[in-house]
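Me: I have a protein model open and would like to learn how to read it. Could you take me through it feature by feature?

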Amino acid sequence: MTASPTLGSIQIPQMGFGTWNLGGQAAAIQHALQVGYRHLDTADIYGTHDDIAAALRNSGIPREKLFLVTKLWSHSLAPDKVGPAVERFLRELNTDYIDLLLIHWPSRSVAAEDTLSAMQDVQETGAVRALGVSNFDKPLMERGLEAGYPLTNNQIEYNLNHRSDETLAYCLENAVTVTAYSPLERGSRSQEAAVAAIAEQHGATREQVLLAWLMAKEMVVIPRSGKPAHIEANWASLDIALSEADIQGIDAAA
């Protein structure tokens, strides 16, 4: 495992727990917290804010030990909508602050700069600690950073089938952390064969190898599962140290 990435001076746990499609499954989220996860990823559109609040309440874990990420959906990107949306998020999550607030998707109707300016205003109140985006490609990241916005994270799909290497490289070169969502998507037959061989060498599952691969490439990962055994197995990927040959082997498989 590499050192935990940082958002400026704020540390973000490299292993997070995704909550997409886990609405009504506060027990799964609470189990993840019991296993050791301290980074929870959600979004307005996921409908899991209340489930996270329930899991946190039952966990007894101090708020300062947790890292909460949520995202603004398209209906909340207009500058006058950002503040009220964040106020609602805080109520739903039953927290005084959000660690990382993201624009969920680029908008065709609202300029990202306008939304980011409003997000900065909210950040100055202390309701949000760090700002970022999701699904932004390299040109959009360049635009945001060149405009001077403090973007600290870009959450993108990255897995065997979707490798936005240009965006990843640009972000890392500019001190922007990258979170990989959908990290466990199945790849081609040759890719899966390469992963299986490495998994056998390490006595690990394919999922553990894939998570270790992404973390070795300096990405944050947010695997999701409602099954306790899978939640535990994904967490155990933190103990897997892939060799450079392993990493290059997965990179090269097509």
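**Pockets**

Reply: Happy to. The largest pocket has a volume of about 510 Å³. A pocket is found on a 1 Å grid over the protein atoms alone: it is an open set of points where a 1.4 Å probe fits, with protein on both sides within 12 Å along at least five of seven lines, and lining residues have an atom within 4 Å of a point. Grid points are joined across faces, edges and corners, and the volume is the space filled by probe spheres set on the points. Keep in mind that this is a predicted model, where local features need pLDDT of at least 70, side-chain atom pairs count only at pLDDT 80 or more, and totals for chains, interfaces and linings use all residues. Residues are numbered from 1 along each chain as its sequence is written, and side-chain values use heavy atoms, with hydrogens and water left out.

Me: Which residues lie nearest the centre of the largest pocket?

Reply: They are Trp20, Ser182, Pro183, Ile222 and Arg224, out of 26 lining residues. Helix α9 (residues 228-235) supplies the largest share of the lining, three residues. Helices (H or I, at least four residues) and strands (E, at least two) are DSSP runs, numbered from the N terminus.

Me: How do the lining residues of the largest pocket divide into nonpolar, polar and charged?

Reply: There are 11 nonpolar, 11 polar and four charged residues. Here Ala, Val, Leu, Ile, Met, Phe, Trp, Tyr, Cys and Pro count as nonpolar, Asp, Glu, Lys and Arg as charged, and the others, Gly among them, as polar.

Me: What about the second largest pocket?

Reply: About 270 Å³ of space lies in that one. Its lining has 18 residues, with Gln11, Ile12, Pro13, Lys65 and Phe67 nearest the centre. By type, the lining of this second largest pocket holds 10 nonpolar, three polar and five charged residues.

**Buried residues and cores**

Me: Which residues of helix α2 are buried?

Reply: Buried means under 20% relative accessible area, exposed means over 50%, and partly exposed is in between (1.4 Å probe, protein chains only). In helix α2 (residues 49-59), the buried ones are His49, Asp51, Ile52, Ala53, Ala54, Ala55 and Leu56. These buried residues pack against α1 (26-35), β4 (39-41), β5 (67-72) and α3 (79-93). Just after α2, Gly60 has a positive phi of about 75 degrees.

Me: Is Asp41 buried or exposed?

Reply: Asp41 counts as buried because its relative accessibility is 2%. Asp41 sits in strand β4. Contact means heavy atoms within 4.5 Å. Leaving aside neighbours within four places in sequence, the contacts of Asp41 include Phe17, Tyr46, Lys71 and Ile222.

Me: Which residues touch the most other members of the largest nonpolar core?

Reply: A nonpolar core is a set of buried Ala, Val, Leu, Ile, Met, Phe, Trp, Tyr and Cys residues joined through side-chain atoms within 4.5 Å. In the largest one, with 68 residues, Val86 and Trp213 touch the most other members. Helix α8 (residues 206-216) gives the most to this core, seven residues. A second, separate core of nine residues includes Leu7, Ile12, Leu100 and Val220.

**Salt bridges**

Me: How many salt bridges does a search of the whole structure find?

Reply: Side chains of opposite charge can pair when their charged atoms come close. A salt bridge is counted when a side-chain nitrogen of Lys or Arg lies within 4 Å of a carboxyl oxygen of Asp or Glu. The search finds 10. In one of them, Arg88 pairs with Asp44, with the closest N and O atoms 2.8 Å apart. That pair links distant parts of the chain, with Arg88 in helix α3 and Asp44 in the loop between β4 and α2, 44 residues apart. Arg88 is partly exposed at 24% relative accessibility, whereas Asp44 is buried at 13%.

Me: What do the side chains of Arg143 and Glu113 do?

Reply: They meet in a salt bridge (2.8 Å, N to O). Arg143 in helix α5 (residues 138-146) and Glu113 in helix α4 are 30 residues apart, so this pair also links distant parts of the chain. Arg143 counts as partly exposed because its relative accessible area is 41%.

Me: Which residues are linked in a network of salt bridges?

Reply: Arg186, Glu192, Arg206 and Glu207. Within this group, Glu207 and Arg206 meet at 3.3 Å, N to O.
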